[in-house]
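Biologist: I would like to learn how to read helix packing, a core and a domain contact. Can we go through them on one example?
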Amino acid sequence: MPYLIPETYHFSHEYCFFLHDLMVWMVKEGEQKRHFDVKLNPSSEETKVLQKFHGNELYEWLQENGHQKEADLLTYKQIFVATLADFLQFIFNALRSSEKGHLSVTFSLLRKPLKENLFILESLLSEPKEFLQKFNSSVSYNEAAIDKQNEETKRRIITDVLKKIPLSLMEPDFLYNLRYSKREIHSLERLWQKATHIVTSCQHYQTESGNLNFVFSDINAKKEQWRYLYFILPQMLFYVFQVCRTIYEQVITSEVIFSDESWDRALVGNMISMYNLMQDDEMECIQDQLLDIKLKCQICGKEVSLTQSMQKQIQFEGSYTCVEGHRNEFFELP
Ligand SMILES: [Zn+2]
């Protein structure tokens, strides 16, 4: 199958995969190091009982036998890793569909991860106690679902998450409207309605007469959809990466699992992928900021300055070279 994405967006596309791979690494590393387990020092009597239980039964037993804290932590970790792993599968297939030019499939596949999974991840970071309470209660279980959240709750959680992650590059209004607004012209919700229904009648995203949503997309419409996709997705994935990394390093384990290098590359990639969207003066400002960041050569360890020519090499060749002439693949996980 040919790779159909226009060249202008190749960097952004590879960058999205890079963030995807970093998060896959996070899941694998956590499983390997058993970070998603919870330590318990049971008595020999308890050990016998514990071996019989799994899932909900185990949770209930922990609760009833004075291990509420461990029960909550176990639930928290299991929800985090399951939600993230599911998120990543959808993103992977959305990106692969984009390569084939199947953009209606791409946008349909983005709905669940960016709307539902992301809301759970944000809730875990912003209001873990409230979320677990709803999640664990048979009475209020349904209240944890996204459809049950009012606008105020969604906005409050987004605003709080932006304060907790290291670098908030988007406004709370933008993040809210993108995923939930049916009116906002740039919202994903409008596109999701169009990508998942053949004909839409809601006045805010009505199908033009004589057309069916996405089905008759000509090449110009497709280019427009790609432009939009690579405007939104790199920023959103960088946001999700920050949310997950913050949860991981603050709650899942006290170990620092990400190197500075992986953070620097995620940040540099985000800035370079923004080039497509920028006016000249904004671009100069970003280029200056990039000069403050140094990447590390993976072979000799020397620092690499991000001069303009190095930025171009990263953007067009996906690599950077140190003073010794060692070539490093930018999108290889450090
Ligand atoms: Zn080197």
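Modeller: Start with helix packing. This is a predicted model. Here, α10 and α11 are therefore roughly antiparallel to each other.

Biologist: What describes two packed helices?

Modeller: Two packed helices are described by the angle between their axes and by the distance between those axes. For α10 and α11 the angle is about 160°, and the axes lie 10 Å apart. Angles over 145 degrees count as roughly antiparallel, so α10 and α11 get that label. The crossing of α10 past α11 is left-handed.

Biologist: Which residues of α10 and α11 meet?

Modeller: α10 brings P234, F238 and F241. α11 answers with A266, N270 and S273.

Biologist: At what angle do α5 and α7 pack?

Modeller: About 65°, with axes 9 Å apart. This crossing of α5 and α7 is left-handed. On α5, the contact uses E122, S123, L125 and S126. On α7, it uses I157, I158, D160, V161 and K164.

Biologist: Now the core. What do nonpolar side chains tend to do in soluble globular proteins?

Modeller: They tend to be buried together. In this model, the largest nonpolar core has 63 residues. L19, M23, L121, V240, F241 and C244 touch the most other members.

Biologist: Which helices supply at least two residues each of this core?

Modeller: α1 (10–32), α4 (68–99), α5 (103–126), α7 (151–164), α8 (172–180), α9 (188–196), α10 (219–252) and α11 (260–273). The most comes from α10, with 14 residues. Domain 1 and domain 2 each give at least three residues to this core.

Biologist: Take V240. What is in contact with V240, leaving aside neighbours within four places in sequence?

Modeller: L118 and L121. Recall that V240 and L121 are both among the residues that touch the most other core members. F241 is in that group too, and F241 also belongs to the α10 side of the meeting with α11.

Biologist: Next, the domains. Where do their bounds fall?

Modeller: The domain assignment gives domain 1 as 7–166 + 215–258. Domain 2 is 260–334. Their centres, taken over C-alpha atoms, are separated by 28 Å.

Biologist: How many residues does each domain put into the contact?

Modeller: Domain 1 puts in 16 residues, and domain 2 puts in 13. On the side of domain 1 that touches domain 2, α1 and α10 are the elements giving two or more residues. There α1 gives the most, with nine residues.

Notes. Residues are numbered from 1 along each chain as its sequence is written. This is a predicted model: local features need pLDDT of at least 70, side-chain atom pairs count only at pLDDT 80 or more; totals for chains, interfaces and linings use all residues. A nonpolar core is a set of buried Ala, Val, Leu, Ile, Met, Phe, Trp, Tyr and Cys residues joined through C-beta atoms within 7 Å. A residue is buried if 20 or more other C-beta atoms lie within 10 Å of its own, exposed if 12 or fewer, and partly exposed in between; C-beta atoms are placed from the backbone. Helices (H or I, at least four residues) and strands (E, at least two) are DSSP runs, numbered from the N terminus. Domain bounds come from an automatic or database domain assignment. Two residues are in contact if their C-beta atoms, placed from the backbone, lie within 7 Å. Axes are lines fitted to C-alpha atoms, for helices over the stretch in contact, and angles run from 0 to 180 degrees between N-to-C directions. Angles under 35 degrees count as roughly parallel, over 145 as roughly antiparallel, 65 to 115 as roughly perpendicular and the rest as oblique. A crossing is left-handed if the near helix is turned anticlockwise from the far one by less than a right angle, and right-handed if clockwise.
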